Amino acid sequence: MFGRLGAPEIILILVVIILLFGAKKLPDMARSLGKSARILKSEAKAMKDESKSSTTPADPPNTDEASQRTIQAAPGDVTSSRPVSEPTDTTKR
């Protein structure tokens, strides 16, 4: 059904994509796709490291270190970085 894709078919697909989305939006789309891929990769690595450390019991976790962790955003995106444990004291307003 889908057979083999040769050079003419690939060129036709690329032309249709450029016409559909416009040449201006393609770099932005590629950039956001790259950010998403980096975030996914870092989260997968963190999950892998977490599961590896949970299977081998070591020293008890340091609570000070855990409370000071920060969720990192994509490189260059400092607006979405935030502390993991946010203050819960609402009386000081």
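User: Which helix gives the most to the nonpolar patch?

Analyst: First, the idea: a patch gathers residues with over 30% relative accessible area and no salt bridge, with nonpolar side chains (Val, Leu, Ile, Met, Phe, Trp, Tyr) joined within 5 Å and like charges within 9 Å. A salt bridge would be a side-chain nitrogen of Lys or Arg within 4 Å of a carboxyl oxygen of Asp or Glu. Here, helix α1 (residues 7–21) gives the most, with 8 residues. The patch covers about 920 Å², and its members include Leu5, Ile10, Leu12 and Met29. Keep in mind that this is a predicted model: local features need pLDDT of at least 70, side-chain atom pairs count only at pLDDT 80 or more, and totals for chains, interfaces and linings use all residues. Residues are numbered from 1 along each chain as its sequence is written, and side-chain values use heavy atoms, leaving out hydrogens and water.

User: Is leucine 12 buried or exposed?

Analyst: Buried means under 20% relative accessible area, exposed over 50%, and partly exposed in between (1.4 Å probe, protein chains only). Leucine 12 sits in helix α1 and counts as exposed because its relative accessibility is 56%.

User: What span does α1 reach?

Analyst: The expected span is 1.5 Å times one less than the number of residues. With 15 residues, α1 reaches 21 Å from first C-alpha to last, close to the expected 21 Å. Just after α1, glycine 22 takes a positive phi of about 85 degrees.

Notes: Areas by Shrake-Rupley, 256 points an atom, 1.4 Å probe, with all protein chains shown as cover. Helix = DSSP H or I, 4+ residues; strand = E, 2+ residues; numbered from the N terminus.
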